[in-house]
Amino acid sequence: MTDDILRMREITKTFPGVRALQDVNLSVRRGEIHAICGENGAGKSTLMKVLSGVYPHGSYEGEIAFDGQECRFAGIRDSEQRGIVIIHQELALCPQLSIAENIFLGNERSRRGLIDWNRTNHQARTLLDRVGLPENPVTTVSDIGVGKQQLVEIAKALSKEVRLLILDEPTAALNDEDSAHLLDLLRGLRAEGITCVIISHKLNEIAAIADRVTILRDGRSIETLDMGADDVTEDRIISGMVGRDLEHRYPPHEPSIGEEAFRIEDWTVHSPVQRDRVVVSGAGLSVRHGEIVGLAGLMGAGRTELAMSVFGRSYGVDISGRVYRDGRQVEIKSVRDAIGHGIAYATEDRKRYGLNLIEDIKRNISAADLGRLARRGWVDDNEEYRVAEGFRHDMNIKAPSVLSVTGKLSGGNQQKVVLSKWIFTDADVLILDEPTRGIDVGAKYEIYSIINRLADAGKAVLVISSELPELLGLCDRIYTMSAGHITGELPRHEATQERLMTLMTTLTSKDPTR
Amino acid sequence: MSSISPTDVPTAPAGPPNSAGPARTTVFGISLNIRQSGIYIAFALIVVLFTILTEGALLQPQNISNIIVQNSYILILSIGMILIIIAGHIDLSVGSVVAVTGAIAAVLMVDYGVPWPVALLLTLVAGGLIGAWQGFWIAYFGIPAFIVTLAGMLLFRALTLTVLGNQGIGPFPDPVRTLSNGFTDGFFGNIGLGALGGADLFSLLVGVLVVGGMALSQWRTRTARLGYHQAVDPLPVFLLKIVTAAAVIMFVVVQLARFRNLPWVLVLLALLVLAYSLLTNRAVFGRQIYAIGGNLQAAVLSGIKVKQVVFWIFVNMGVLAALAGVIFAGRLNQAGPTAGNTFELDAIAAAFIGGAAVQGGVGKVVGAITGGLIMGVINNGMSLIGSPSERVMLVKGVVLLAAVAFDVWAKRRAAR
């Protein structure tokens, strides 16, 4: 006899022209951690929006039963009253408010219409203890890191007396340490009897924490696996997600490595907020033509700061050090200089820093080197169209035409547009910051193939990634970074996850003040 | 939301309904982008409405001429304003800049007797310097445009009063008044148009040339696009659009030719609209304005010199405000201390009615002009039927709100 807290039966949800969900079934047992897996666009988020009332009753077909009672939610408030709380991928905190204010946002502790600050902060303290966050409740949310903000979200959920907690990609923006803490916290909640549904791309986490996993593919529920009973491996989940055996997650690649293309020496960067804080300290690295080099490091290690400061001083102050291109020292004072010297940087946050989401594919691809398509300041529209169409074909950007707006594309296709934009600048050195973040397995494979093709074309590629298997599968050589220092360099055949992790957590002795 | 069907047929006119396209609706078998064409349909409806309400007086030759001349300075301002709004900024100072540049022009021409072309040039330079002053604080010092131009609104009004010594200065030389109020000469005399009576041949020829030029350039654009296998309107739709545009232009030109030929401000305005449409659509500089408004961070990381672009669009606004200032002063034949009051609000309203987005990144020069004309027609039409000014203000307020509400609604519909 199973005790299901939630049963969703034959859920079908259609948008104009698209069937997002079709006859999806999901049953979650009381007190378990239930994972939902699927490629981007498989319908995971849509299913959760149906469950939480974002899509109200009547806008979908099928039945939802929570605790044996049929549910007809008209909105989020209805579902929250029943104890169903969803934490979205993009955190919904007000950065300028304090932790306590955020926890009780919309649910204020008040007396006669006035907020009772003592009760607010005291109860916030208790909730923060429960989620293991040793911060003062009056601290402003913008002053704490993403990992801690995630914990504030969970504290907020707990304040609503949550019975079913839904987490959409909770660890996507977290480093390994914070992720581990979060997973521990979820185990603790399970022990308290709170049921969790977790949506994640990180299969190793699912394998570590979930009791059962339901796999969605193309808007249908494919299967539910019992992690204990069935012999479930990551590869088993992947084959369910993609509907085929993905023997190799990384395309095979035989590198042909040439001369050194790019080198930095003694690169030091200070934080723009605290000018005396060293963010990158005496870093040096090099990439050769045709080589794919990885840069591993935990969040806060200074990888993005290193890349952005090299890329036309887009980050940091008091920057010192030397940059060499093809053996010659170059001065890079602006992004234009960097592009002029054949350096490209694809950001880790493509929506905020990479794309103009209200513009079409064509204009995004041409944005970084529009001058190439122009004569005396006038753009040749038709040539721009031809170039963009070429990229749409070569990169397999799935959109009806290059006039489609980039904001409507899936993550994988957006990333292909970003890569197209930088390839169009004819850069010889490509720095790719988290090139597959938030992208589904199938599209990741395509991105890897594109990176391999770039290397084969003689480009020097520097890949920054938080996913060690990705670096191991893709790179010819891997640097590690920790606390602003380059702490190690390993060729592919010597690198293992364990060795990399050790180097990534080494605090160097070079800087005794830290 | 999930899957986007790939099509390998780029020439298909309008693909199957998909989540990646703009909101389109079908009218008489013609697929329309409602967000883009809604404004033109609204304009047509408003013109029809007031033509009926005024029993045809709205479209009488003299009245068409009045609408153009009376709104010319707002339309010129709205061209500069739309660029600023596309970049995600705002300019509240243009009314005061109109006043101060009008005053400068008056002092130069009337008090110092500087020849009018030199004085006009100096006034435009002064407008540019004012724009540079504001552009500096906004682009390089990083103060929000709202604050800088709010300060500018006070500063330049104060400067106007100082320059004018609190009184009007005039009259202006004849050529300046002609630019504001005057009409082209009847170089080739009149020609009979049957029941319509006599009309100026030169004006008609200009109209025919404009229509011919427009049709030719549209045709060449279409041919070139076809050469690149791009999606274009089917031929009947294309022809319908050209014929409609040609009919509208020729109607206005014929009416003007029957009255007193082409107003010089219309000629100036037409050149400005053409130049700035080209700038926004085709020039690298114009494209960078959209990129900045669409996503500032991405623009910075794409190597666009954001500060320079922002600086120059404010310089441009200053120059256009100076031009509007001279035209406005020339029309009243006097530079007055209260000139240009609330012009900034009209220009901003024109831009937003014309489809600009509050967040920036979206907008068209022709849209802003249409927005300005919508308000102009409402003003004119309501005064023809004798509505009191408070009712005119009420209607304009409702129209502004409705236009932006429609835009937001259409955007939300497209996002579904």
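Predicted model: local features only at pLDDT ≥ 70, side-chain atom pairs only at ≥ 80, totals over all residues.
Biologist: At what angle do helix H7 and helix H8 of chain B pack, and are they roughly parallel or roughly antiparallel?

Modeller: H7(B) covers residues 201-227 and H8(B) covers residues 235-259, with axes 9 Å apart. The angle between them is about 165°. Angles over 145 degrees count as roughly antiparallel, so H7(B) and H8(B) are roughly antiparallel.

Biologist: Which residue classes make up the contact of H7(B) with H8(B)?

Modeller: On the H7(B) side the residues include Leu204(B), Val210(B), Met214(B) and Arg222(B). They meet residues of H8(B), among them Phe238(B), Ile242(B), Ile249(B) and Val253(B). By class, the contact has 15 nonpolar, 3 polar and 1 charged residues.

Biologist: What is the handedness of the crossing where H7(B) passes H8(B)?

Modeller: Helix packing is described by an angle and a distance between axes. For this pair those values are about 165° and 9 Å. The crossing of H7(B) past H8(B) is right-handed.

Biologist: Which helix gives the largest share of the side of domain 1 of chain B that touches domain 2 of chain B?

Modeller: Domain 1 of chain B takes in 39-182 + 263-415, and domain 2 takes in 186-262. Their centres are separated by 26 Å, and 8 residues of domain 1 of chain B are in contact with 7 residues of domain 2 of chain B. Helix H2 (61-86) and helix H9 (264-282) of chain B each supply at least two residues of the domain 1 side. The largest share, 4 residues, comes from H2(B).

Biologist: How many charged residues are on that side of domain 1 of chain B?

Modeller: That side is the one that touches domain 2 of chain B. Its residues divide into 6 nonpolar, 2 polar and no charged.

Biologist: Which strands stand at the edges of the open sheet in chain A?

Modeller: The sheet has 6 strands in the order S6-S9-S10-S3-S11-S12, with mixed pairing. The edge strands each have a single partner strand, so one side of each is left without a neighbour in the sheet. These are S6 (84-87) and S12 (220-226) of chain A.

Biologist: Which residue of S10(A) stands opposite Ile36(A)?

Modeller: Strand S3 (residues 33-37) and strand S10 (residues 195-199) of chain A run parallel and are joined by 4 bridges. The residue of S10(A) opposite Ile36(A) is Ile199(A).

Biologist: Which helix lies across S3, S9 and S10 of chain A?

Modeller: The strands belong to a sheet whose twist averages 20° from one strand to the next. The helix spans residues 176-191 and runs at about 150° to S10(A). It is helix H6 of chain A.

Key. Residues numbered from 1 in each chain as written. Chains lettered and ligands numbered in written order. Axes fitted to C-alpha atoms, helices over the stretch in contact; angles between N-to-C directions. Parallel < 35°, antiparallel > 145°, perpendicular 65-115°, else oblique. Left-handed = near helix turned anticlockwise from the far one by under 90°. Contact = placed C-beta atoms within 7 Å. Nonpolar A, V, L, I, M, F, W, Y, C, P; charged D, E, K, R; others polar. Domains from an automatic or database assignment. Pairing = 2+ DSSP bridges.
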